[in-house]
Amino acid sequence: MDLIASAGADDVTRGVRDSAAAMLYSRDRNFSLPQPFYNDTRLFALDMQEIFQKEWLFAGMTCEIPKKGNYLTLEIGDNPVIIVRGTNGQVHAFHNVCRHRGSRLCMQERGKVAKLVCPYHQWTYELDGRLLFAGSDMGENFDLSEYGLKPVQVRTAGGYIFICLSDNPPAVDDFLETLERYLEPSGLADNAKVAVESSIVEDANWKLVIENNRECYHCSGAHPELLGSLMEFDDTEDPRATQEYKDLVARKQAEWSACDVPFEVARFGSRNRLTRTPLSGEAVSMTMDGKPGSKKLMGRMTSTDMGSLRILHLPNSWNHIMGDHAVVFRVLPLGPQKTMVTTKWLVHKDAVEGVDYDPEELRKVWDATNDQDRRLAEENQRGINSIAYQPGPYSETFEFGVIDFVNWYAERMLDNMGRSPRLQLVRGG
């Protein structure tokens, strides 16, 4: 459908918003989204404005910026951001935009600086964003204090860094407090490092990437490497959960409780979910043979058999934290049909490469899985682009996680656009 056929040039934004809201109000909550949400350029711009500029996003790990002056960068659509470790260990985030003529300050993905210096005209900023130097040519009445870097909301918990481009971000304290508690045994904040990292670009809409992650309906036919360690379900309340799985969970939870390691399912609406669940069979880690990927365990862990702490953070991250290593994922949209998925494997900061772990062995399972998921998402996108596509039904048994995500997306879109999400999704319950 043409979202702006009746809109004038000055009315495009309102027309897109009205059309998007109408489609969200009328959709069946147990069906996939109408086609424009997956491939329309204007709907993608709305996604970036109403989801990726207003929700909390997983940005990176605090261990990536361990010392004063360490920084990392990322781009949220057209918005470059820099995250830097300042004085007294404080983590700051700023728009990576010089207040002089708008040049990016830092072009590298990560690095270390004494000050933030614009490469264009050498305007110099303190690590807390204050402008320190703008040259003598700005005139004697130039007020440095009025031209500090524009800040970005930033919060940290358990070694994770979250940012929000909105000045009025959603409430997140309860989730961060729980995340801190669940991650404390793994020592990701102070005792971890990134052992290896990869980024792949998928020719698919970001929502298809997330939808694919939120179900394992496809796993048996697509992920032989992953199913060597991953169970298709992670909750005893899952309708597919067997009694054998429930008994295994009870035994493992008794062991984890004795180690003072949190494991209960914790939910924060549909946006965030944490749970520790056993791995499959004899596997204790997400490696090809199921054996530990690192000899040196994470944090204060004393056993390799800690299952996987699964963490979901919508709209852009899922995670697996095990006894020997952690795998974290970050999703960033690049275009209506293009998405970057970054995967980072973390080990104890004192683990020695080639002695305690082999990076190539550590990454094999998820390298294979990421590539398989890329191909699935891309084929999904190609089919959705067809004139034959129409929203199809999700399985409430196997795809309830997808239903939760799509409904979360619809509700946040409506709410962030100032429309009442309570009026939507009448059909299908």
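What separates Glu 378 and Arg 374 in helix α8? The two are four residues apart in this helix (residues 359-384), so about one helical turn lies between them. Helices here are DSSP runs of H or I with at least four residues, strands are runs of E with at least two, and both are numbered from the N terminus.

Before we go on, a word on what you are looking at. This is a predicted model, in which local features need pLDDT of at least 70 and side-chain atom pairs count only at pLDDT 80 or more, while totals for chains, interfaces and linings use all residues. Residues are numbered from 1 along each chain as its sequence is written, and side-chain values use heavy atoms, leaving out hydrogens and water.

The side chains of Glu 378 and Arg 374 meet in a salt bridge, at 2.9 Å from N to O. The term stands for a side-chain nitrogen of Lys or Arg within 4 Å of a carboxyl oxygen of Asp or Glu. Side chains of opposite charge can pair when their charged atoms come close. Glu 378 is buried, at 7% relative accessible area; buried means under 20%, exposed over 50%, and partly exposed in between, using a 1.4 Å probe and protein chains only.

The whole structure has 33 salt bridges. Among them is the one between Asp 203 and Lys 338, whose closest N and O atoms are 2.7 Å apart. Asp 203 sits in the loop between β11 and α5 (206-213) and Lys 338 in strand β17 (residues 338-348), so this pair ties together parts 135 residues apart in sequence. Both partners are partly exposed: Asp 203 has 34% relative accessibility, and Lys 338 has 36%.

Another salt bridge joins Glu 184 and Arg 300, at 2.9 Å from N to O. This pair also links distant parts of the chain, 116 residues apart: Glu 184 is in the loop between α4 (173-183) and β11 (192-202), and Arg 300 in the loop between β13 (272-277) and β14 (308-313). Glu 184 is partly exposed at 44%, as is Arg 300 at 34%.

Salt bridges can also form a network, as they do among Glu 64, Glu 109, Arg 110, Glu 197 and Lys 344.

Pro 315 lies in the loop between β14 and β15 (317-321) and is buried, at 0% relative accessibility.

Finally, look for the open sheet of three strands in the order β6-β7-β8, with antiparallel pairing. Strands pair if DSSP finds at least two bridges between them. β6 (116-117) and β8 (131-133) stand at the edges with a single partner strand each, so one side of each has no neighbour in the sheet.
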